[in-house]
Amino acid sequence: MDTVVNVKVGPQFYKYGQGAMEMIPDILNEYGAKRVLLVHGTISWEKARPYLEFLDKDFAIQYEKYNGECSYNEANRLAKLVEDGNFDFIVGVGGGKLCDLVYYVGSLTKKPFGVVPTLASNCAPWAPLSVMYKDNGLAEGKTEHYKRQAAFLITEPTLVIDAPIKFFIAGIADTIAKWYESDMILEQPQFEANNFLMLARHSARICKDVIAEDGLKAIEDMRNGTVSAEFIKVSEVIFGVAGLVGGFGDKYARNTAAHAIHDAISAYLPGVHNYLHGEKVAYGIFYQLALEGKWQVIDELIPMYEALSLPKSLTEMGEYPLAEEELNNIVELVNKKQKVHLLPMTINEEVLKKAIIDLEKYINTEV
Ligand SMILES: NC(=O)c1ccc[n+]([C@@H]2O[C@H](COP(=O)([O-])OP(=O)(O)OC[C@H]3O[C@@H](n4cnc5c(N)ncnc54)[C@H](O)[C@@H]3O)[C@@H](O)[C@H]2O)c1
Ligand SMILES: [Zn+2]
C-alpha cells in the first residue's frame, strides 16, 4: 500500500540544557532581528525573566503579557502589535497556551518566531499547530495547522522544574498516549515500508519507554527540585520527542480513541472540566485499550496510574453511571472522529459504547 505522509519535523533549532538560552542571540542575529516582541504569561514570566533579561543588551525588546488564552482575538491583537511596532521577530515564553498563541501570531504576521517553554506539560512547544479557544476559555473546536516551523525551541531544566507538578504528570499521560494511540495502526505490516511512519513509531516507543523507566523517579526529583538525568529525559520526551510522533506520522500517529473520548467527555460531561487535558487523556488511554481488548496492558499500567493519581475510569472522575442519553451523545461524537476509524478494527457506536461499559466494570471489580 502506498502511504504518503506530510512530514513536519519540528523547530529548526532545539536545545534544552543549562545555559541553552545563550543561543538565542545567535539565532536572532541569523534572522537579522533587531526589534523583538516577547510575549509571556504572568507566572511564567516571573520565573523566566532572570534567564532572558540579558537579551535587552543587544536587542530592542518589547514585553507583552498575553490574556491567558490562545484565541483569535488575542492572536489578532498581537499580530497588529507586531505590524504597528515593526517587530521582526516574536519570542513566546510560557506554557502550552502561550506557545500555541505564538505559533499562530507567527503565521498571521509571517514573521519568524521562537518559543521558550516554562512547563513540560505537552508537545505544544514543538508541534506546528494551535488549539484555539474563545476569550472566555471555552474550546473553539478548531485547530490551526502550519507548514512553517518555529525558528527555535530553547529552554533550561532549572526553569522547567520550577513549576507545579500536576502539569508535569498530565504531560506524562498525554505523552504515553502517543504510543497507545498509534500502536495498533503502525504495527500493521503495510506501514513498514514507510520510513517516516517507522520513525513516528520509534519516537512513540521512546515516549512510552522513557516514561515507564524514568517517570516516577523524574516526578520525585521534580518534587525535590533536583535536576536529574531522569527529569531531563522525561521532560524532554514531553515537549520534544512527543512532537516527533505526529511530525513524522501525520494522521496515522495522532489522536485516535484516547483523544476522541477526551473530546467527547469534555463536551458532554461538565463535571470533568476540573481535570487537566492530560488527566482526561489518561482515562482515554484506558478506554482505547479496552476498545482494543488489551486488558493485560491496562493491568501493567495500573500501578503507575495509582502512583500518579491518574483517573482510570469515569467512576473515579465521579461521572459514572451515565444517563443513556449521555452515553449515546459521547459515542456518537467519538464515532464522528475520522482518525478513530483508522484503527484496524470494526468501529461503530455499539462497540464504542461497549468499551465504556466494559472498562468501568473491569476497573470497578479490579480493586
Ligand atoms: N499544539 C499542540 O500540539 C498542543 C498539544 C497539547 C495541548 N495543547 C494546548 O496546550 C494548552 C495546555 O497547556 P499547559 O498545560 O501548558 O497549560 P497553560 O499554558 O494553560 O498553563 C497552565 C498554567 O501554568 C502557568 N505556568 C506556566 N509556566 C509556569 C511555571 N514555570 N511555573 C508556574 N506556573 C506556570 C500558566 O500561567 C497557566 O496558568 C491547551 O490550550 C491545549 O489545548 C496544544
Ligand atoms: Zn493531548
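Reader: Which element gives the most to the shell around ligand 1?
Author: Helix H4 does, with 4 residues. Helices (H or I, at least four residues) and strands (E, at least two) are DSSP runs, numbered from the N terminus. This is a predicted model, in which local features need pLDDT of at least 70 and side-chain atom pairs count only at pLDDT 80 or more, while totals for chains, interfaces and linings use all residues. Residues are numbered from 1 along each chain as its sequence is written, and chains are lettered from A and ligands numbered from 1 in the order in which they are written.

Reader: What makes a residue part of the shell around ligand 1, and which come nearest?
Author: A residue is near a molecule if its C-beta atom, placed from the backbone, lies within 6 Å of it. There are 27 residues around ligand 1, and Gly-95, Gly-96, Asn-122, Ala-127 and Val-131 come nearest. Helix H2 (43–52), helix H4 (96–109) and strand E6 (129–133) each give two or more residues.

Reader: Why is Asp-174 called buried?
Author: A residue is buried if 20 or more other C-beta atoms lie within 10 Å of its own, exposed if 12 or fewer, and partly exposed in between, with C-beta atoms placed from the backbone. Asp-174 has 29 such atoms within 10 Å, so Asp-174 is buried. Asp-174 is found in helix H6.

Reader: What makes His-259 buried?
Author: His-259 has 23 C-beta neighbours inside 10 Å and therefore counts as buried. His-259 lies in helix H9 (residues 257–268).

Reader: Which residues does the UniProt annotation "binding site" cover?
Author: In an unreviewed entry, UniProt gives Asp-174, His-259 and His-277. UniProt positions follow the numbering used here, feature names are shortened, and annotations may be inferred rather than shown by experiment. The three are spread over 104 residues of sequence, yet they cluster in space, with a largest C-alpha distance of 9.3 Å.

Reader: Which residues does Asp-174 touch, not counting residues up to four places away in sequence?
Author: Asp-174 touches Asn-122, His-277, Gly-278 and Val-281. Two residues are in contact if their C-beta atoms, placed from the backbone, lie within 7 Å. With sequence neighbours up to four places away again left out, His-259 touches Glu-181, Val-281 and Gly-284.

Reader: How many residues of domain 2 are in contact with domain 3?
Author: 19 residues of domain 2 are in contact with 24 residues of domain 3. Helix H6 (165–186) and helix H7 (195–224) each give two or more residues to that side of domain 2, and H6 gives the most, with 13 residues.
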